[in-house]
Amino acid sequence: MDHNNLLAAWPVVGPGVAGAVFGAGWWFWVDAVVCSAAAVPFLHYLPGFFASFAALMFNCVNREDIGDGYYSPYDDSEWRVKLWLFISYVVSFVSLAGAVGFLVQDALTDTGPSAWTGTAGVIQCVCVLVSGLIYWTCHSED
C-alpha cells in the first residue's frame, strides 16, 4: 500500500481503531472487576474515569489551533488552547500515576483486590489515553 493511500485512509479508519482501543481498555477493567474475588473500592475506578475525561478534554482542541499560523478575532487566545491541552495532559498523567499507585498497593497487600485488578487499571488508562491520541490525530474540521 502506498504511503499517500495510507494517509488518505487514516481519517476513515482512525476513529474505528480509536474506538476499538478504547473499548479494549474498558473491557480489561470490567473483566478485572467482575473476576475479582474481593470487592473493588470506588477509588480504583477513578483513574479510568479521569483518563476518559482527559481524552475528551484534549479532543476538544483542533490540531490546526496550535500552530503558529493560528488567528483568532478574539484577541490572543492561542495561549488558552495550549493551557487547555496542558491541563488535559496533566489530568491524563495523574490518572495514569493513580492507576500505577493502585497497582503497587494491590500487589503489596493481601486484603484488597488482586494484582490483576491493578494491572487492568493501568492497561485501561494506557488504552484510553492512546485511543484519545489516535482519535486526535485522525479527526479534523473538514
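Predicted model: local features only at pLDDT ≥ 70, side-chain atom pairs only at ≥ 80, totals over all residues.
View 1. How exposed is each partner? F42 has a relative accessible area of 56%, so F42 is exposed. Y45 comes to 22% relative accessibility and therefore counts as partly exposed.

View 2. The secondary structure consists of four helices and zero strands, giving the pattern α-α-α-α along the sequence. Of the 142 residues in the chain, 34% are buried. Take the contacts between residues at least 6 apart in sequence: 74% of them join residues at least 24 apart.

**View 3. Helix α2 packs against helix α4.** Two packed helices are described by the angle between their axes and the distance between the axes. For α2 (residues 46-58) and α4 (residues 115-138), the angle is about 10 degrees and the axes are 9 Å apart. Because angles under 35 degrees count as roughly parallel, α2 is roughly parallel to α4. Which residues of α2 and α4 meet? On the α2 side they are P47, G48, A51, S52, A54, A55 and F58. Facing them in α4 are Q124, C125, V128, L129, G132, L133 and W136. By class, this contact has 10 nonpolar and four polar residues, and no charged ones.

**View 4. The largest nonpolar core has 18 residues.** In soluble globular proteins, nonpolar side chains tend to be buried together. Which members of this core touch the most other members? They are W29, A51, F58, V128 and L129. The elements giving two or more residues to the core are α1 (3-35), α2, α3 (78-108) and α4. Helix α4 contributes the most, with six residues.

**View 5. A closer look at V128, one of the core residues with the most contacts to other members.** What does V128 touch, leaving aside residues up to four places away in sequence? The neighbours are F22, W26, A51, S52 and A55.

Note on methods
Residues numbered from 1 in each chain as written. Heavy atoms only, no water. Axes fitted to C-alpha atoms, helices over the stretch in contact; angles between N-to-C directions. Parallel < 35°, antiparallel > 145°, perpendicular 65-115°, else oblique. Contact = heavy atoms within 4.5 Å. Nonpolar A, V, L, I, M, F, W, Y, C, P; charged D, E, K, R; others polar. Core = buried A, V, L, I, M, F, W, Y, C linked by side-chain atoms within 4.5 Å. Buried < 20%, exposed > 50% of the residue type's maximum accessible area, 1.4 Å probe, protein only.
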